[in-house]
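These are my notebook entries on one structure. I set down what I looked up, topic by topic.

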Amino acid sequence: MHPDQLIERSAHYRRHLLSIIHHAGAGHTGGSLSCIDILNVLYNRILDVSPETFSSVSRDRYIQSKGHCVEALYVVLADRGFFPAEDLDTLCRFGSHYIGHPTRKVHGVEQNTGALGHGLPMAVGTALAGKLDRRDYRVFTLLGDGELPEGSNWEAALTASHYHLDNLCAIVDLNGLQITGPTREVCDTQPLADKFRSFGWAVREIDGHDIHALTETLEAIPFEPGKPSVVIAHTVKGKGVSFMENNIKWHHGVPDAQQYARAMEELGAGNTFAG
Amino acid sequence: MGIAEQNLVGVAAGLASCGRKVFAVSPACFLTARSLEQIKNDVAYSDNPVTLVGISAGVSYGPLGSTHHSLHDLAALRAIHNLTIVVPGDNVETAAAVDAAAGCGHPVYLRFGKKPMPGSLTGAPLSEFTFGKGRIIRAGSDGSIIANGETVLPALQAAEALAEQGISLTVVSMHTVKPLDTELIDRLSADGRPMLTVEEHSVHGGLGEAIAGWLMQHRRHLPFKIMGLPDEYTVTGSQLEIFGHYGISSEGIAEAFLSLLV
């Protein structure tokens, strides 16, 4: 997909995820908007996986550690043909598989996640299996900056470098806000790049909304042979909707009809998918 | 993996999801407490076929104290869906349980002690081993003792001592705590004869309460007692000394059974 098409695809995804959150009356709006460009590039440019190859042992794997932003994953998977987009009309409804955190009941989801600090250890195990089985698939996991104080992340970070898992790439969606406040005030994890380097990782820092930078960076892994890669993606919570950007109330705020209409207008509704 | 139990279980889940046979081994006290969320989510909820092996369970670590005792693990794990829980009573059950866990394709918790186990409690090879099917070690007609793990041996010795007093007991190694062999419980409780359960676990939430729950809900009213570690700061000493203090010995178990006859 051409970069300009990817940029338009991000707008489409933003509209779609807002529409399903608005329809369901629930969802993690701000974080889904901050990570959607990352997911866009992963699924449209990087990952060697499709609905047809999802059961292949050699597929690339994506594990979403920040499971609460599942709406971003759902709209991308739907767009990639893993399931019909209309299925998402049942988001968070009684009996629906499309619940508020990733579940393997949904085609395309690798692991059940939602409790924070779980994605990286599972990604490490998956990457380790790739090395042991001599398969060349790659493993990607998306972490929120708010979940980095979970100690399991750092246990896994040690393990990843110990086993030289250069088939592993962690992406930190560093939007700087978590449910209880600015991440730097709640528990400062900076200097984050230095921390990962000291744990034996190769680090790149980029603008997590820059499609070109995301593409170029993720195409370049491993950044150093023999080392796991981490992309620290600087993002904006609520990105793309002016009144949601950097506003903590949109962590799991749900737009009312007026807010929804305004957001859709800002996102260019009517160009393609109107939700 | 190093001393990092949460990571151990998460990595094990990732490995298992790629088709590898994975045994995640750590002292039961740490594996089932520190990694409980990983067991619940990464293993059981995601149905990644990891075999969790809790070693030196119960009070195996004796004088090392409560940090190293695991008297909570069965209670905690029983409440987690999609996890088979197995506490073998001797070496033949252990070997069969390891094979069965490796082949079953779903999450399993194997709970082992520390000291050498009896080769075979019956003196014979296992004729069959299935998760969820208790093993009758000794058949009798005056009641039953249902035990697991390292308490099966003293339970058997108690039954042998009582046999000399003319009391004939069935002794079961209930190696699988979940799923529970309710058919066997049904059979053993049908005539209302006394039943004693014994385990190296808190009296709360383990084998005894699993059986009690079934009995109560099926209107089986019979003399019944749960033996295990009481809800208190556990005394310290060797495993055998702790067992002795709480009556988990052939004499103590025999005495407890006799109390059900009064």
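Is Ser46(B) buried or exposed? I found Ser46(B) buried, with 25 other C-beta atoms within 10 Å. I call a residue buried if 20 or more other C-beta atoms lie within 10 Å of its own, exposed if 12 or fewer, and partly exposed in between, with C-beta atoms placed from the backbone.

**Conventions.** I am working with a predicted model, in which local features need pLDDT of at least 70 and side-chain atom pairs count only at pLDDT 80 or more, while totals for chains, interfaces and linings use all residues. Residues are numbered from 1 along each chain as its sequence is written, and chains are lettered from A and ligands numbered from 1 in the order in which they are written.

**Surroundings of Ser46(B).** I located Ser46(B) in the loop between helix 3 and strand 2 of chain B. Helices (H or I, at least four residues) and strands (E, at least two) are DSSP runs, numbered from the N terminus. Leaving aside neighbours within four places in sequence, I list Arg104(A), Gln111(A), Asn112(A), Ala13(B) and Asn41(B) as contacts of Ser46(B). Two residues are in contact if their C-beta atoms, placed from the backbone, lie within 7 Å. Pro107(B) is 61 residues away from Ser46(B) along the chain, and their C-alpha atoms are separated by 9.5 Å.

**Contact between the chains.** I then turned to the two chains: 20 residues of chain B are in contact with 20 residues of chain A. On the chain B side, helix 1 (5-17) and helix 3 (36-45) each supply at least two residues. Helix 1 of chain B gives the most, with 9 residues. By class, I read 8 nonpolar, 9 polar and 3 charged residues on this side of chain B. Here Ala, Val, Leu, Ile, Met, Phe, Trp, Tyr, Cys and Pro count as nonpolar, Asp, Glu, Lys and Arg as charged, and the others, Gly among them, as polar.

**The sheet in chain B.** I traced an open sheet of 5 strands in the order 1-2-4-3-8, with mixed pairing. Its edge strands are strand 1 and strand 8 (176-178) of chain B, each pairing on one side only. Two strands pair if DSSP finds at least two bridges between them. Strand 1 (residues 22-27) and strand 2 of chain B run parallel over 6 bridges, with Val50(B) as the bridge partner of Val22(B). Strand 2 also pairs in the parallel sense with strand 4 (residues 108-111) of chain B, over 4 bridges; there Leu110(B) is the bridge partner of Val53(B). Strands 3 and 4 of chain B are parallel over 3 bridges, and Ile85(B) stands opposite Tyr109(B).

How many residues of strand 2 (residues 50-55) of chain B are buried? I count 5 of the 6, so strand 2 of chain B is largely enclosed by the rest of the structure.

**Domains of chain B.** The assignment, automatic or from a database, gives domain 1 (5-111) and domain 2 (135-261). Their C-alpha centres lie 23 Å apart. I find 22 residues of domain 1 of chain B in contact with 24 residues of domain 2 of chain B. Helix 4 (73-78), strand 3 (84-86) and helix 5 (91-104) of chain B each supply at least two residues of the domain 1 side.

**Chain A.** I noted 9 helices and 7 strands in chain A. Of its 275 residues, 53% count as buried.
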